[in-house]
Amino acid sequence: MSTADAVAWPVEQIRQQFPALQRTLNGRTVAVFDGPAGSQVPQRVADAVAGYLLHSNCNRGAAFATAVESDAVIENAHQVLADFVGADDPESVIFGANMTSITLHISQSLARTWQPGDEVIVTRLDHDANVTPWVLAAEAAGAVVRHVDLHPEDGTLNQEHYRSLLNERTRLVAIGYASNATGTVNPVREMTTAAHQVGALVYIDAVHYAPHGRIDVAEIGCDFLVCSPYKFFGPHAGVLWGRRQLLEELRPRKLRPSPNTLPGRWMTGTQSHEAIAGSAAAVEYLAGLSELLPGDGEARGKDLSRSEKLCQVFTRIQQYERSLSEQMLDGLQQVQGIQLYGIGSSGDLSQRVPTFSWTFPDCSTRDVAVWLADRGVHVWNGNHYALPFTESFGLEPGGTVRAGALHYNTVEEVHRLVDGLQEFRSR
Ligand SMILES: Cc1ncc(COP(=O)(O)O)c(C=O)c1O
């Protein structure tokens with residue numbers, strides 16, 4: 001029996017909740033490994049989006065019923081998402097169109113507090129959405145951008161280099177929680193502590209990490225953290241948590257009639273209320289998995305708070321996904337001529353999520369993705385906007401082939417992925 005089989009995880013009950021996972025090609029269900037670009041959505045999330053549009057659809061603040069309901073849906077979502085990131089203040093949670101737009105917004109406001117000669121640190125493992133906004137903001141303020149290098153052998157962040165860049169001029173450190181190219185999980189708490197020692201603020205991009213592990217901003221100690229519900233089983237939207245004092249002191253670019261108070265002062269224009277309703281439903285879906293977990297002496301889901309359920313569920317998701325990582329790593333390493341990027345030792349699986357990137361020396365990444373797509377296996381090809389990484393490893397313009405597993409993927413799907421690659425190599 002494989003380790004993944006041995007980890008008790010109700011994957012079939014979970015899959016039944018996702019209509020998209022029932023899709024077939026040539027009589028077989030497709031194997032979706034495109035979660036890093038966007039996860040699939042359970043029925044209850046689609047119901048929440050449709051329910052809002054069909055029954056409560058309205059702008060905010062009016063006296064009549066649908067406006068009152070809209071206010072209630074959105075206020076509830078602030079609380080639910082605060083629980084999701086481990087925050088106790090729902091007003092410090094901001095909704096926006098997506099992580100990129102939110103980051104461009106915040107970075108412009110932060111840049112107004114910087115002086116020429118101030119420094120900003122970004123990393124070569126980050127998605128460009130946590131790099132270019134800071135480069136543009138630094139340019140506007142005359143600040144200097146420093147880039148943390150990667151270890152060439154496994155693409156992990158060079159922590160010594162990071163520490164050597166920190167100094168009393170550092171104003172901000174922008175770090176990814178997990179890489180959407182290699183799956184590496186960064187030591188964000190330690191990096192945050194080091195940044196705070198020199199008085200810098202810390203902005204964490206948790207977009208890739210969010211479906212894989214419990215986020216706890218209080219434990220990390222960061223100043224801002226951003227994620228995107230469409231990567232954790234919700235609709236297209238972005239969410240930011242920030243320290244109340246910073247969100248109150250910084251000046252947003254905003255219209256005069258829009259609120260000056262939190263959270264509204266950072267929520268530009270009319271939001272996608274249906275996406276906000278769906279984002280809360282995605283968190284409720286995750287918390288609700290607690291009730292599916294086999295009883296093993298832990299408190300049953302219904303007796304726990306939402307935050308406690310999320311902790312319990314993510315502990316089990318991590319166990320299950322680690323076993324998928326083991327299978328993926330094992331299988332992929334046996335494919336002839338494969339060049340894998342990222343942590344490749346099974347002893348270090350706790351430092352990665354099951355997102356794998358690879359190339360073959362003699363063929364295009366697109367050809368591999370097309371071959372697998374024709375066999376009902378969905379993987380991505382390209383740079384995944386993790387441009388600093390693909391540039392550092394000389395992988396432009398083709399990038400990598402990337403397969404990312406989530407808690408709804410199965411061992412059988414991992415075998416199909418590996419078998420598809422073996423056939424591709426021996427064709
Ligand atoms: C790690 C990471 N950061 C940021 C982003 C950008 O997020 P959004 O599409 O919400 O702007 C992505 C999207 O793929 C991502 O994977």
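Predicted model: local features only at pLDDT ≥ 70, side-chain atom pairs only at ≥ 80, totals over all residues.
1. Which residues do ring pairs link into a cluster? They are Phe18, Phe233, Tyr285 and Tyr408.

2. A search of the whole structure finds 17 aromatic pairs. One of them joins Phe18 and Tyr285, with ring centres 5.5 Å apart and planes at 85° to each other, an edge-to-face arrangement. Phe18 sits in the loop between α2 (11-15) and β1 (24-25), while Tyr285 belongs to helix α11 (residues 273-288), so this pair ties together parts that are 267 residues apart in sequence. Both Phe18 and Tyr285 are buried.

3. Tyr177 and Tyr209 form a stacked pair, at 3.7 Å centre to centre and 5° between the planes. Tyr177 comes from the loop between β7 (170-176) and α8 (188-197), and Tyr209 from the loop between β8 (201-205) and α9 (217-220), so the pair ties together parts that are 32 residues apart in sequence.

4. Are Tyr177 and Tyr209 buried or exposed? Buried means under 20% relative accessible area. Tyr177 counts as buried because its relative accessibility is 9%. Tyr209, with a relative accessible area of 8%, is buried too.

5. Two arginines lie over aromatic faces. Arg352 is placed over the face of Phe356, at 3.9 Å from the ring centre. Arg427 lies over the face of Phe424, also at 3.9 Å from the ring centre.

6. Which residues are around the ligand? They are Asn98, Met99, Thr100, His127, Asn180, Asp205, Val207, His208, Ser228, Tyr230 and Lys231. By class, this shell has three nonpolar, six polar and two charged residues.

7. A nitrogen atom of the ligand is 2.6 Å from an N or O atom in the side chain of Asp205. For Asn180, the distance from a side-chain N or O atom to an oxygen atom of the ligand is 3.4 Å. For His127, a side-chain N or O atom is 3.5 Å from an oxygen atom of the ligand.

8. How much of the ligand's accessible area does the protein cover? On its own the ligand has 390 Å² of accessible area, and the protein covers 90% of that.

How values were computed: Residues numbered from 1 in each chain as written. Heavy atoms only, no water. Near = heavy atom within 4 Å. Polar contact = N/O pair within 3.5 Å; in protein donor to acceptor, adjacent residues only side chain to side chain. Areas by Shrake-Rupley, 256 points an atom, 1.4 Å probe, with all protein chains shown as cover. Nonpolar A, V, L, I, M, F, W, Y, C, P; charged D, E, K, R; others polar. Phe/Tyr/Trp six-rings, centres within 6.5 Å; stacked < 30°, edge-to-face > 60°. Helix = DSSP H or I, 4+ residues; strand = E, 2+ residues; numbered from the N terminus. Buried < 20%, exposed > 50% of the residue type's maximum accessible area, 1.4 Å probe, protein only. Lys NZ or Arg CZ within 6 Å of the ring centre and 35° of its normal.
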